[in-house]
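Here is a short tour to read with the model open beside you.

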Amino acid sequence: MPVAVVIVAAGSGSRVGAGVNKVLLPLGDRPVLAWSVRDALALDDVRRVVVVVRPADRDAVAEALGHHLGDGAEVVLVDGGATRHASEWAALQHLAPAIESGEVDLVVIHDGARPLAGVALFEATVAAARDHGGAIPVVPVHGLLTSRLEPVAGDLGAVQTPQAFRADLLLAAHAAAAAAGFEGTDTAAVLAEQGTLDVVAVVGSPTNVKITFPEDVALAERLLSRR
């Protein structure tokens, strides 16, 4: 089943306080974004990788990735929108001809600010989506309190990326959302709104951290050193 991977990197990263997009910050021997792109390119059946960027970051992202992709890498940069939802829609519009022709059967959506997802989590999510149509990584969440400082009852989970879905249903759901003026908090929410696909959970990773604040960069460095 041919796969396309969309890596969303169009945020400003202002909360990191680095003065540049957080996906361009160094992490180990490469920029944050390059870790996810390299993982995506390592997957079997990947036809293309689409990186969604801010127009202002296009040149910097191209330069940052160019040093780490190797020969023959097929990576396309697409300008994103003002929101995460809009950026996903921009990527899917770019992929629409390949989806409609059957060149791409499965689309993976990943957050460029999650550099340590790893190839194994990508593979597990893709495999589950092939079997069920859609899959998202989830990790247990404990110790939450209600507004009355009472423990939250029941099992709760935090959703991560990469998330993988049947390409035709994902494109149709986003097109319907655009027509209705709906914006989802993540990809699965768009599909849930349209009721077009059952999504299953796969086991996420506690080391699949999202870089949001300055201390997250230091945490990612420590986790990387233990690999």
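## Helix H1

In H1, the buried residues are Val32, Leu33, Ala34, Trp35, Ser36, Val37, Asp39 and Ala40; buried means under 20% relative accessible area with a 1.4 Å probe, protein chains only. Because 8 of the 10 residues of H1 (residues 32-41) are buried, this helix is largely enclosed by the rest of the structure. Helices (H or I, at least four residues) and strands (E, at least two) are DSSP runs, numbered from the N terminus.

This is a predicted model, where local features need pLDDT of at least 70 and side-chain atom pairs count only at pLDDT 80 or more, while totals for chains, interfaces and linings use all residues. Residues are numbered from 1 along each chain as its sequence is written, and side-chain values use heavy atoms, leaving out hydrogens and water.

## Ser205 in its loop

Between strand E10 (200-203) and helix H7 (214-225) runs the loop that holds Ser205. Ser205 is buried, at a relative accessible area of 18%. Setting aside residues up to four places away in sequence, Ser205 touches Val139 and Gln160, with contact meaning heavy atoms within 4.5 Å.

## Where H3 meets H5

The axes of H3 (residues 84-101) and H5 (residues 167-180) come within 10 Å and cross at roughly 130°; axes are lines fitted to C-alpha atoms, for helices over the stretch in contact, and angles run from 0 to 180 degrees between N-to-C directions. On the H3 side, the contact includes His85, Trp89 and Leu92, and on the H5 side, Leu170, Leu171 and His174 are among the residues involved.

Notes:
Buried means under 20% relative accessible area, exposed over 50%, partly exposed in between (1.4 Å probe, protein chains only).
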